[in-house]
Amino acid sequence: MPAATTPPAAGRRTLAVFVLIPVVAALALAVFAWPAARIAPRDLPIGVAGPAAAADAVEQRLGRHEGAFEIHRYEDAEAARAAIEDRDVYGAVVVTPTGTELLTASAGSPVVAGLLREAVAAQAPAGTPVPVTDVVAAPSGDPRGAVLGASLLPLAIVGAATGAATVLLGLRGARAVATLVGASALGGLVGAALADSWLGALTGDWWAEAGVLGLTVLAIGSAFAGFATLLGKAGFGLAATLTILLGNAFSGMSSAPQLLPTGVGALGQWLPPGAGGSALRSVSAFDGAAAGGPLLVLSLWALAGLTATAFGARRRTEATPSAEPAPVPVG
């Protein structure tokens with residue numbers, strides 16, 4: 001009896017797996033590791049306040065780090081505090097008659113707060129301490145921002161599962177839209193219960209946090225459902241690339257968008273994980289300051305995805321020619 005042989009098609013598929021997996025692994029590692037390896041301030045918005053002559057000297061010293069800081073000038077410490085609370089700047093150097101003071105906002109980014117402490121201390125005369133005031137402190141349940149940064153991947157996975165399940169279960173039209181919205185709302189409530197009520201990593205308005213979490217899940221879930229409805233299986237791959245791979249790697253939530261390589265942080269804020277993380281940080285620690293832009297991005301993703309999910313399947317069905325045979329004329 002002749003030995004069984006591997007069909008050519010099966011052999012090609014096996015070879016494709018052996019080639020594809022290392023390529024995907026290398027791409028994923030590069031996308032996540034490259035921005036992390038290039039962390040540095042790039043036009044990081046910070047403030048300088050105090051008398052003109054002294055503030056000019058501070059600005060000149062900070063300007064030696066070419067391209068690192070985007071300097072905003074303020075009249076006094078109160079104006080600088082207000083700018084920090086409005087998320088216009090990450091921190092501020094305040095020059096007073098008694099010396100230099102640093103204002104930070106660890107809730108905005110513990111990494112940036114530490115970077116500013118090091119930069120200002122390095123410019124101070126030897127042996128001269130620089131008092132630091134944390135204007136908007138990170139919550140005691142998440143002093144290093146680790147929980148907030150780690151929450152994006154689970155949100156992306158929940159959104160992906162919601163969108164994929166909607167499509168794979170054959171839901172269409174209004175039923176699919178209702179499923180996506182309802183499941184996302186429940187995901188937001190569960191997320192707020194865990195991150196705020198249980199872990200204490202979020203300390204803002206509970207319902208606002210739940211709303212942002214739910215909208216983030218909806219933006220990601222509707223992207224999966226919409227792309228899959230329009231493109232079929234390839235849509236899942238495109239959605240996963242944008243929301244899970246690039247969206248998480250370029251979000252800047254573990255540091256700050258302005259610390260990522262040029263263009264990467266900005267791109268991340270146009271993807272659901274980055275926009276969702278920024279909006280969540282705003283509502284949880286800054287009373288919603290600067291949340292408008294990220295919420296608009298999430299809303300646009302959700303609206304586009306829901307529209308594609310609701311009407312894409314109908315158009316594809318209408319565009320598919322009927323499989324019924326044409327009638328045979330009699331006569």
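The model is predicted, so local features need pLDDT of at least 70, side-chain atom pairs count only at pLDDT 80 or more, and totals for chains, interfaces and linings use all residues. Residues are numbered from 1 along each chain as its sequence is written, and side-chain values use heavy atoms, with hydrogens and water left out.

Helices here are DSSP runs of H or I with at least four residues, strands are E runs of at least two, and both are numbered from the N terminus. Two packed helices are described by the angle between their axes and the distance between the axes. Axes are lines fitted to C-alpha atoms, for helices over the stretch in contact, and angles run from 0 to 180 degrees between N-to-C directions.

Angles over 145 degrees count as roughly antiparallel, under 35 as roughly parallel, 65 to 115 as roughly perpendicular and the rest as oblique. The crossing of H8 and H9 is right-handed; in such a crossing the near helix is turned clockwise from the far one by less than a right angle, and anticlockwise in a left-handed one. On the H8 side, the contact (heavy atoms within 4.5 Å) includes Ile-220, Phe-224 and Leu-231. On the H9 side, Phe-236 and Leu-242 are among the residues that take part. The contact of H8 with H9 divides into 13 nonpolar, two polar and one charged residues. Ala, Val, Leu, Ile, Met, Phe, Trp, Tyr, Cys and Pro count as nonpolar, Asp, Glu, Lys and Arg as charged, and the others, Gly among them, as polar.

Now turn to helix H6, residues 152-168. The axes of H6 and H8 come within 7 Å and cross at roughly 40 degrees. That makes H6 oblique to H8. This crossing, too, is right-handed. Leu-155 and Gly-159 of H6 are among the contact residues, as are Thr-216 and Phe-224 of H8. By class, the contact of H6 with H8 holds 12 nonpolar, six polar and no charged residues.

Look at Thr-216 in helix H8. Thr-216 counts as buried, at 2% relative accessibility. Buried means under 20% relative accessible area, exposed over 50%, and partly exposed in between, with a 1.4 Å probe and protein chains only. Leaving aside residues up to four places away in sequence, Thr-216 touches Leu-155, Pro-272, Gly-276 and Leu-298.

Next come the aromatic rings. The whole structure has two aromatic pairs. Rings of Phe, Tyr and Trp (its six-membered ring) pair if their centres lie within 6.5 Å; planes under 30 degrees apart count as stacked, over 60 as edge-to-face and the rest as tilted. Trp-206 and Trp-207 have ring centres 4.9 Å apart and planes at 75 degrees, so this pair is edge-to-face. Trp-206 is partly exposed at 25%, while Trp-207 is exposed at 62%. Phe-224 and Phe-236 form a tilted pair, 6.5 Å centre to centre with 35 degrees between the planes. Phe-224 lies in H8 and Phe-236 in H9, so the pair ties together parts 12 residues apart in sequence. Phe-224 is buried, with a relative accessible area of 5%.
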